[in-house]
Amino acid sequence: MKRALFYVAVLGLLLGGLVACDGGTFPPPPDPPDGVAAQVVDIVDGDTIKVSLEGELYTVRYIGIDAPETKDPKRPVEWMGPEASAANERLVGGETVYLEKDVSETDRYGRLLRYAYLADRTFVNAALVRQGYAVASSYPPDVKYQDLLRQAEREAREAERGLWSATPSPTSPAGGPLQA
């Protein structure tokens, strides 16, 4: 019953053309995902979340994208890292996400590798790239939506969003964009 309602909602959104992301539209993946529902319980950073799935806690790494680091103990927090984490929080914090596997089950750190979608069919991986909070990164064999993610990155670059905006200089306000 829940799955049927989900697909009815997806169909309604598609017919209405309402896949919004950052004030514009972005095409969803070509086929509706047959994703597994999971509840987001924590945001790790801009490309990683923790979810409750069938009563178990899992760490999920979004496939095909890479966001600036904020948690690597060997490196300083990267520029736009906190903003990427905040964008991920705004997008999926406390939400139910639908997870789609590509080829690989997990990465070398034991994290599930997945594409993530919201109930309104927002493709989370692409939304973060399109908003400029992550870059498209290819990690074969998991490349099902790589062309779509590269398209999202081109759009962010052309619009100078996030990572593609002016970088701070040593004399600019802490972490802020350059003033003209």
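Which backbone oxygen does the side chain of R161 reach? I shall return to that after an introduction to the model.

Good morning. What we have here is a predicted model, in which local features need pLDDT of at least 70 and side-chain atom pairs count only at pLDDT 80 or more, while totals for chains, interfaces and linings use all residues. Residues are numbered from 1 along each chain as its sequence is written, and side-chain values use heavy atoms, with hydrogens and water left out.

Let me begin with the overall layout. The protein chain has 4 helices and 9 strands; these are DSSP runs numbered from the N terminus, with helices being H or I of at least four residues and strands being E of at least two. Their order along the sequence is α-β-β-β-β-β-β-α-β-β-α-β-α. Of the 180 residues, 46% are buried, where buried means under 20% relative accessible area, exposed means over 50%, and partly exposed lies in between, with a 1.4 Å probe and protein chains only. The accessible surface comes to about 9,700 Å², and 54% of that belongs to carbon and sulfur atoms; the areas come from the Shrake-Rupley method with a 1.4 Å probe, and for residues only the protein chains shown count as cover. If we take contacts (heavy atoms within 4.5 Å) between residues at least 6 apart in sequence, 60% of them join residues at least 24 apart.

I turn now to helix α2, residues 81-92. Its 12 residues should span 16 Å at 1.5 Å a residue, and the end C-alpha atoms are 17 Å apart, which agrees; the expected span is 1.5 Å times one less than the number of residues. The buried residues of α2 are G81, A84, S85, A87, N88, L91 and V92. They cover an arc of only 160° around the axis, so they sit on the same side of α2; the arc is that of the directions from the helix axis to the C-beta atoms. Covering these buried residues are elements including β3 (36-45), β4 (48-53), β5 (56-62), β7 (96-100) and α3 (124-130). Just after α2, G94 takes a positive phi of about 75°.

E69 lies in the loop between β6 (65-66) and α2. Is E69 buried or partly exposed? With a relative accessible area of 21%, E69 is partly exposed. Beyond its neighbours within four places in sequence, E69 is in contact with D45, R75, V77, E78 and G81.

Next, the aromatic residues. The structure holds 4 aromatic pairs, counted when the ring centres of Phe, Tyr or Trp (its six-membered ring) lie within 6.5 Å, with planes under 30 degrees apart called stacked, over 60 edge-to-face and the rest tilted. The rings of Y115 and Y145 have centres 4.8 Å apart and planes at 75°, so this pair is edge-to-face. It links distant parts of the chain, with Y115 in strand β8 (residues 112-117) and Y145 in the loop between β9 (135-136) and α4, 30 residues apart. Both Y115 and Y145 are buried. The rings of Y117 and F123 are stacked, because their centres are 5.0 Å apart and their planes are at 15°. Y117 is buried at 1% relative accessible area, and F123 is buried at 4%. Ring pairs link Y115, Y117, F123 and Y145 into a cluster.

Finally, the opening question. R161 lies in the segment after α4 (146-159) and is buried, with a relative accessible area of 19%. Its side chain reaches the backbone oxygen of R130 at 2.8 Å.

Notes
Polar contact = N/O pair within 3.5 Å; in protein donor to acceptor, adjacent residues only side chain to side chain.
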